[in-house]
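Please read the following note alongside the displayed model.

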Amino acid sequence: MGSINLYKIDNAKLPDFLRELGKYEERDARQQEVIIGDNSKTYEFQLYISEPQGKRTVPWNWVMAAFDEDDIEVVKSPSALLHIKAPSGNTYAVTFSHSFFLADKYADREFAFNFARRLEFDVIRTTALTSPNSQRNRTVNSYIDYKDVEFDSGESFSKIKFNEKQPDGFSLYAPTLEIGNSIKFNVKDESLDMVAKLIEYVENTIRTKQERNKIPVFSKIRDKDKIDRLNTKLRKAVAICSAEIVIPEFDIIGANEVFNRTDCEFDLLYSEGNNHYHTHTTNLSDTELHSFCDENKLVYATVVLDIVVARYKDGKIVVRKKVQDLIEYTDDQERSVLANGIWYDFNDDYLTYLRDSIAEIKAEYHPEYDFTTQAYQDFLDEKYKVEAPSYKGKEEKDIREALRKKKYYAERVFNLLREANDGFENHDRGIDSVDGQKIELMDLYSDGKMFAVKMGNTSAKLCYVIDQSLTALKAYRNHSIAFSSEINTVVLWIVLDTATHIEDENGKPDLNRLKMLMLKNRLDQWKKEVRVQGYKPLIYINYDQR
């Protein structure tokens, strides 16, 4: 029993694929008639061979030297690639030895899973799953007797190995298939004729059979050309619309969690040749980045994503990140998303399952809690009357600015207003220490519900509230933090900084209307974790109307 590893080459990448094949020794193309049913079809096969000269040493020659033995040298491995032009007009490749690295770079990444979705699974052997933005970002599962394609909506398949349930008398290939960016068949007869028949069968299956399985694919992009293309498009987008700069509220520095809620300072750094630019600011924003570029005669659209942001806490730099690692951007045309500086691909199956999962989360909208300009200004005016005398020697505008930016920032005022006007218990800034880690159990509490509150309009800014909620829930569940009142529901209170509402015709928030892929991915994970801990997940949606 031999194996055939079949790739379909992406038509858009075909010129580059053929150009790179120039590194191999080319053999004359061969036309071959293949009998498919009652028809004869002509396939063109061309072989490309790489036979590197010389030898290489093995990496474990150190142990040979330890025993005064001569180094071992081995012949460099040859490889080959079979280039196929099918009558359908499609281009395929069958790889031998390490030539799969070349074919994989130019593969049609939908091809293999598109075929697998139309097959009937008998037994699933192995699955490989990826979960970007999850603690378990890659999982390989091995099964003994399993028949269902099962996954979380935040996960996607990068590979699946299974036994196909084949009809009686089917003998083209063995039941065991491996699906990734290619299809690996096990066959009795390894031949050009067999390759052609496999291609015919796959094309016919994709063309005529209905999908049986939903298999989401969401994978980290490794294609350098695509990453370059996406980065170029991102830079063009930055040039025409403001990129929102989001400073995470905690980072992992070494093995320590560093929290930064307020009163942070920043350095902006950029180097170009022998020129080094630097400025210090207490307010990181797109406006500050524009000013930094203008003052140093830098072209904003060209350099902004490469500016390094150094964040200070207690007078020390606690983290450095490029601006590109602080923003979120989705390229709908490429079906790719940038998060934490990494590009990912997603497809329709992934979005379908994510949409279904998010729709299960109960969400409520209470208009009376919307955060208005008038409510915020009235609050600040009252605080100014009470606290202005303590700011001796300062002008009114400076006092008001200090109150607004330093002490009564919007999110804190939102919580204080809920306490003063709506009967909530305010636990904002109530910090407990668990094993040396500072944890805020909740922002608000009411009637068995613990609330974690966050304002914002991007995944990068809002995802923090999910981490805060789960960390606090774990500490409470483990009795690391004492709280006397009963808790039965865990609530994320998201105050959207947008004028676009997401309620349906019944006034219920439709979370799937949020155009934040990574946030919805994390919400799905949060929902499952809350339920596993024995609590009810709930989301409040309100709006920052300032």
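**Notes on the predicted model**

1. Ser-97 is partly exposed, as its relative accessible area is 45%. Here buried means under 20% relative accessible area, exposed over 50%, and partly exposed in between (1.4 Å probe, protein chains only). Ser-97 has a positive phi of about 60° although it is not a glycine. This residue sits in the loop between strand E8 (91–96) and helix H3 (100–105). Helices (H or I, at least four residues) and strands (E, at least two) are DSSP runs, numbered from the N terminus.

2. Residues are numbered from 1 along each chain as its sequence is written, and side-chain values use heavy atoms, with hydrogens and water left out.

3. Lys-297 is found in the loop between helix H7 (286–295) and helix H8 (300–303), and it counts as exposed at 76% relative accessibility.

4. How many salt bridges does the whole structure hold? A search finds 31, a salt bridge being a side-chain nitrogen of Lys or Arg within 4 Å of a carboxyl oxygen of Asp or Glu. One of them joins Arg-404 and Glu-401, at 3.2 Å from N to O. These two residues are 3 residues apart in helix H11 (residues 396–407), and are therefore separated by about one helical turn. Arg-404 is partly exposed at 36%, and Glu-401 is partly exposed at 32%.

5. Asp-467 and Arg-522 meet in a salt bridge of 2.3 Å, N to O. Because Asp-467 lies in helix H13 (residues 459–477) and Arg-522 in helix H14 (residues 517–532), the pair ties together parts that are 55 residues apart in sequence. Asp-467 is partly exposed at 22% relative accessibility, whereas Arg-522 is buried at 11%.

6. The structure holds 24 aromatic pairs. Rings of Phe, Tyr and Trp (its six-membered ring) pair if their centres lie within 6.5 Å; planes under 30 degrees apart count as stacked, over 60 as edge-to-face and the rest as tilted. Phe-451 and Tyr-540 have ring centres 5.2 Å apart and planes at 70°, so the pair is edge-to-face. Phe-451 belongs to strand E29 (residues 449–456) and Tyr-540 to strand E31 (residues 536–543), 89 residues apart. Both Phe-451 and Tyr-540 are buried.

Conventions: This is a predicted model: local features need pLDDT of at least 70, side-chain atom pairs count only at pLDDT 80 or more; totals for chains, interfaces and linings use all residues.
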